[in-house]
Amino acid sequence: MKDLIKNEMIRYVLESKENWLEEINDRYYDEPIIKFASADDPLFEEYKKIIGSDHLTPGEAFEMAFGKDSYHGGTVISVVLPINEKIRKSNAAQTEWASKEWALLRVFGDEVFKKGFIKYIENFLNQKGHRTLAPSDAEWFKLYSTSLGPASNWSERHIAYAAGLGTFGINDGFITEKGIAIRLVSFVTDLKLSVDIREAKNHTENCLLYSKGICGACMKRCPVGAISKDGHDKIKCYKYVYGEESRRLAESYGGSAKVASGCGLCQTKVPCECKNPIS
Ligand code: B12
Ligand code: SF4
Ligand code: SF4
């Protein structure tokens, strides 16, 4: 069953017409990496302390979708969508704002393709009798403000960490075997599948600065100085990434003012851009 799910996800990503950017005559996303965690992994309870009490466990997310007492164990499937090299290169050449390709990825790669992928996989598994949902696409998914900046009740990076897909960098970005220039999606299903082992020694192992005390390339790349040895200033980052200028830029590129241009300079032209720099 795991292979069936993985193959279906890979096939969808590689064949979907929505995973195509005319400007580069290529895909938004390359072949995904997919891993599995037990929905009862105690780490999900710990996230209530690490992230916040509003962060849902997989069981709670399942019951939000399928009703009280519907959860009897299951699996979390986490998916890494690596960003195509041409899009990465276009953003690597930027020093101030996101490239046109990066901005179009925000709208059509995320809002159109990724949403279509989520619906397809939910239906694929539900039709086979396995109740499945993607929490970050549910109507009850929420973003909220904390004194440190925005957070959510289903953090894809923490889910990916639980599934053994990588670890965090000094800039908060999640570094996988395909690097940091990625997007993440996850599903909770009542299917009970064998799980992947979390091999990382700690939650920051893949970052050169945390592990070896070298690098810091992302700090120099950030146009607003939001990254320092103390970590990532989410409020500074948020104001830049989703501010007025970013929204105007997105429109001028043919994107959407509503989702803005993004930025991602700290995810391109860095040693962890498309590989795990520790491997
Ligand atoms: C809110 C949000 C933001 C906010 C806040 C980011 C943040 N750090 O949380 C702002 C607006 C700043 C932002 C900016 C960007 N975002 Co954003 N964002 C989100 C969103 C919607 C929720 C994130 C969330 O819930 N965070 C919760 C908080 C608590 O996370 P945290 O503070 O980083 O967690 C730290 C602690 O937990 C700590 N920690 C301490 N002890 C322990 C112990 C353990 C065991 C663990 C695991 C951790 C831990 O380690 C973590 C890292 O420092 C997600 C989508 C989603 N649903 O997940 C996308 C998401 C995180 N964003 C993404 C992207 C791509 C971006 C941008 C590049 C914008 C763009 N598209 O161009 C920038 C990059 C900024 C950066 N340097 O990371 C990607 C991440 C890709 C990646 N490789 O990491 C995501 C996952 C979207 C997606 N679906 O792919 N984003
Ligand atoms: S650029 Fe270097 S310091 Fe920044 S997250 Fe990547 S490995 Fe860590
Ligand atoms: S996304 Fe841009 S503003 Fe935010 S930390 Fe990265 S480089 Fe800085």
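This is a guided tour of a predicted model, stop by stop.

**Stop 1: ligand 1**

Select ligand 1 and the residues around it. The shell holds 37 residues. Ser152, Glu156, His158, Asp172 and Lys234 are the closest.

Now colour the shell by class. There are 20 nonpolar residues, 10 polar ones and seven charged ones.

Next, switch to cartoon view. Which elements supply at least two residues each to this shell? They are α2 (43-50), α5 (100-127), β5 (149-152), α6 (156-162), β8 (182-189) and α9 (234-241). Helix α6 gives the largest share, four residues.

Start with Lys114: a polar atom of its side chain lies 3.3 Å from a nitrogen atom of ligand 1. Move to Arg157. An N or O atom in the Arg157 side chain is 2.7 Å from an oxygen atom of ligand 1. Finish at Asn171. Here the backbone takes part: one of its polar atoms is 2.7 Å from a nitrogen atom of ligand 1.

**Stop 2: ligand 3**

Select ligand 3. Its surroundings include four cysteines: Cys222, Cys237, Cys263 and Cys266.

Helix α9 gives the most, with three residues. Keep α9 highlighted for a moment, as α9 also supplies at least two residues to the shell around ligand 1.

**Stop 3: the second largest pocket**

Select Lys35, Gly164, Leu165, Gly166 and Glu177. These lie nearest the centre of the second largest pocket, among the 16 residues that line it. The space in this pocket comes to about 280 Å³.

Two strands, β1 (33-38) and β6 (166-168), each supply at least two lining residues. The lining has five nonpolar, six polar and five charged residues.

Stay on strand β6 and pick Thr167, which sits in that strand. Is Thr167 buried or exposed? Thr167 is buried, at 1% relative accessible area. Follow its side chain to Glu205: the Thr167 side chain reaches the backbone nitrogen of Glu205 at 3.3 Å.

**Stop 4: the largest cavity**

Rolling a probe the size of a water molecule over the atoms shows where empty space is left. In this structure, one cavity of 30 Å³ or more turns up. The largest cavity holds about 110 Å³ of space.

To find this cavity, select Ile175, Cys207, Cys215, Cys218 and Cys272. Of the 16 lining residues, these lie nearest the centre. Helices α7 (208-212) and α8 (217-221) are the elements that give two or more residues to the lining. By class, the lining has 13 nonpolar residues, three polar and no charged.

**Stop 5: salt bridges**

Side chains of opposite charge can pair when their charged atoms come close. The whole structure has 18 salt bridges.

Begin with Arg11 and Glu8. Their closest N and O atoms are 2.9 Å apart. Both residues lie in helix α1 (residues 2-15), and because they are three residues apart there, about one helical turn separates them. Arg11 is partly exposed at 33% relative accessibility, whereas Glu8 is buried at 14%.

Go on to Glu85 and Lys89. This salt bridge has its closest N and O atoms 3.2 Å apart. Helix α4 (residues 85-92) holds both; they are four residues apart, so the separation is about one helical turn. Glu85 counts as partly exposed, with 43% relative accessibility. Lys89 is exposed, with 54%.

Now select Arg183 and Asp110. The closest N and O atoms of this salt bridge are 3.0 Å apart. Arg183 belongs to strand β8 and Asp110 to helix α5, so the pair ties together parts that are 73 residues apart in sequence. Arg183 is buried at 12% relative accessibility. Asp110 is buried too, at 7%.

Terms used. Residues numbered from 1 in each chain as written. Chains lettered and ligands numbered in written order. Predicted model: local features only at pLDDT ≥ 70, side-chain atom pairs only at ≥ 80, totals over all residues. Heavy atoms only, no water. Near = heavy atom within 4 Å. Polar contact = N/O pair within 3.5 Å; in protein donor to acceptor, adjacent residues only side chain to side chain. Nonpolar A, V, L, I, M, F, W, Y, C, P; charged D, E, K, R; others polar. 1 Å grid on protein atoms, 1.4 Å probe; cavity = no way out; pocket = protein on both sides within 12 Å on 5 of 7 lines; lining within 4 Å. Points joined across faces, edges and corners; volume = space filled by probe spheres on them. Salt bridge = Lys/Arg side-chain N within 4 Å of Asp/Glu carboxyl O. Buried < 20%, exposed > 50% of the residue type's maximum accessible area, 1.4 Å probe, protein only.
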